[in-house]
Amino acid sequence: MTTERTLSIIKPDAVSKNHIGDIIARFEKKGLKIVAAKMVQLKQKDAEGFYAVHKERPFYKDLVSFMISGPVLIMVLEGDDAINKNRDIMGATDPKKAAPGTIRADFAKTIDENCVHGSDGVETAKTEIAFFFKPEEITQRIR
Ligand code: CMP
């Protein structure tokens, strides 16, 4: 197994329902470590830039509005196979298709407001982490 880093965002719906602790507990129980974290109110240009890959999709405008509708918790998670592990813990993008016991199955109602974001691959993870964190903001978990 390779130690990887992945970007995780706890979205405004989950923050507003006080599910931050429930969600982080799932990451930690599966061995993912938080190496960076910040609670932020995204500005429109941040959300537009972060989701620029979806710019041409019909849901882009609503996605940006939702992501700036309240604070989000942005984290870098580290661990063995962190990218896939995080995706397994989150469940499918559409909560209706998410496996039982996953974050989206348990806490999300719709594909538009699906509680969490996680990077979908090694290169995406690098880009997404660099979008929100300077290298010196990422800690070394040596103990
Ligand atoms: P996320 O993993 O944050 O990446 C893009 C987001 O767009 C996705 O989660 C969903 O919340 C949202 N979205 C809305 N509609 C769709 C759709 N049809 N396909 C994929 N993502 C969608």
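**View 1. N114 sits in the loop between α6 (103-107) and β4 (116-118).** Helices (H or I, at least four residues) and strands (E, at least two) are DSSP runs, numbered from the N terminus. This is a predicted model: local features need pLDDT of at least 70, side-chain atom pairs count only at pLDDT 80 or more, and totals for chains, interfaces and linings use all residues. Residues are numbered from 1 along each chain as its sequence is written, and side-chain values use heavy atoms, leaving out hydrogens and water.

**View 2. N114 is buried.** Its relative accessible area is 2%; buried means under 20% (1.4 Å probe, protein chains only). Across the protein, buried residues make up 45% of the 143 residues.

**View 3. The side chain of N114 makes a polar contact with the side chain of K11.** The distance is 2.7 Å. A polar contact is a pair of N or O atoms within 3.5 Å; within protein, one must be able to donate a hydrogen and the other to accept it, and residues adjacent in sequence count only if both atoms are side-chain atoms. A polar atom of the N114 side chain also lies 3.1 Å from the backbone oxygen of T93.

**View 4. Which residues does N114 touch, not counting those up to four places away in sequence?** They are K11, D13, T93, P95, R104 and A108. Contact means heavy atoms within 4.5 Å.

**View 5. The protein around this site has 7 helices and 4 strands.** Along the sequence they follow the pattern β-α-α-β-α-α-β-α-α-β-α. The C-alpha trace spans about 40 × 35 × 25 Å along its principal axes.

Note on methods:
Buried means under 20% relative accessible area, exposed over 50%, partly exposed in between (1.4 Å probe, protein chains only).
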